[in-house]
Amino acid sequence: MRIRVAATVISGAAVLSALVVPVAAQAAQGPDARARLSSLSAHSVGTAKSANAASTAKTVRPMDAVGDISFSKGVVNGGKDIVLSTTTRQSVTATYTATSANGVALTEAFLWQGTDPSSVDTITGALGTDDDPVCTESTTRTGVYSCKAVFHISAATDMKYNGAAGTWKLALGGYDLSVNASFDDNVTTAKIKKASKLTVNAAPEPVKKGKTVTVTGKLTRANWDTGTYGGYAGQKVVLQFRKKTSSTYTNVKGITAGAGGALKTTTKATVDGYYRFSFATNTTTGASTAAGDYVDVK
């Protein structure tokens, strides 16, 4: 982020705090998180000046870390995608390590999306925590802290912007015990995706062996703008089949969802079993699989 180390050592964090919840940059601000880190930023102007006086002319490039605390080993949601429907309320945990020879007094955590967290024009989303992260110092390594932050995400209020699906970054800031400020706007990344749904219907039922089975369905995904699910056209979906005597589905053929996410294909009836559609995840949308529809073959 483009900041001056002494004058506004964590200005990027201050911008993020002003944008916390909901996700659209122009939406209402989150007062609690904003107050916490705005105070942290204001404190840094006065106290970090003396500690960093030698660096007053230094400008930091985007994505460079600032300060004496180093942040590492960041993991969001256990490394798994965060998949949200239109009404999901989910608590997402981020863990990380904070290391400083001067100790760590406190840290702050944000999830954000964009290119430069020091400018509202380049941030498309920002999420903060309700409570300060909890950091515990190692019993064997002085100055090394294991930290945990919890983000409480509500799709209905926090994700009012479809473009926010995709890659997000974990930004961390904090103070050491000498009140020196630190900030790193890209400790690790996470994927926040829209949930998808699939339906399936196989007919006729029963069907004679060797005759054609027509399988139809629909692929939809969450629309955060409208709070509803909408058809997801143009996506690859796989028709799968499981014999009545088996517990494993096998791929039959791949098809592409048509207008409104409509799915339709045919196959030959051979034995009793279940048909279903399966959609693999992509960069903005979570995976989904329909419940199997049973067909009795005579």
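Two strands are treated as paired if DSSP finds at least two bridges between them. Strands themselves are DSSP runs (E, at least two residues), as helices are (H or I, at least four residues), and both are numbered from the N terminus. The structure is a predicted model, in which local features need pLDDT of at least 70 and side-chain atom pairs count only at pLDDT 80 or more, while totals for chains, interfaces and linings use all residues. Residues are numbered from 1 along each chain as its sequence is written, and side-chain values use heavy atoms, with hydrogens and water left out.

The predictor's confidence in each residue is expressed as pLDDT, on a scale from 0 to 100. For the protein chain the mean pLDDT is 82, with 79% of its residues at 70 or more. Residues 21-63 have pLDDT below 50, and this stretch has 96 contacts in the model beyond near neighbours in sequence; a contact means heavy atoms within 4.5 Å. Residues 1-11 also stay under 50 in pLDDT, and the model has 52 contacts for them beyond four places in sequence.

An open sheet of four strands is arranged in the order β1-β3-β7-β6, with antiparallel pairing. Strands β1 (70-76) and β6 stand at the edges with a single partner strand each, so one side of each lacks a neighbour in the sheet. Direction ignored, neighbouring strands of this sheet are turned by 20° against each other on average; axes are lines fitted to C-alpha atoms (for helices over the stretch in contact), and angles run from 0 to 180 degrees between N-to-C directions.

Within this sheet, strand β3 (residues 89-99) is joined to β7 by 11 bridges in an antiparallel arrangement, and Val 92 stands opposite Phe 151 in β7. Strand β6 (residues 134-137) also runs antiparallel to β7 (residues 144-154), with four bridges between them. Here Thr 136 is found opposite Ser 146 in β7. The hairpin of β6 and β7 has six residues between the strands, and Gly 143 in this hairpin takes a positive phi near 85°.

One disulfide is present in the structure, a disulfide being a pair of cysteine sulfur atoms within 2.5 Å. It joins Cys 135 to Cys 147, with an S to S distance of 2.1 Å. Cys 135 lies in strand β6 and Cys 147 in strand β7, 12 residues apart. The link of Cys 135 and Cys 147 is right-handed, with 115° about the S-S bond. Accessibility classes are buried (under 20% relative accessible area), exposed (over 50%) and partly exposed in between, with a 1.4 Å probe and protein chains only. Cys 135 counts as partly exposed because its relative accessibility is 26%, whereas Cys 147 counts as buried at 5%.

A second open sheet, of five strands, has the order β2-β9-β8-β4-β5 and mixed pairing. Its edges are formed by β2 (82-84) and β5 (123-128), each with a single partner strand, so one side of each is left without a neighbour in the sheet. The twist from one strand to the next averages 35°. Strands β4 (residues 106-114) and β8 (residues 166-175) pair in the antiparallel sense over seven bridges, and Trp 112 has Lys 169 in β8 as its bridge partner.

Gly 292 is placed in the loop between β17 (288-289) and β18 (293-295). Gly 292 is partly exposed, at a relative accessible area of 34%. Residues up to four places away in sequence aside, Gly 292 touches Tyr 249, Tyr 274, Tyr 275 and Arg 276.
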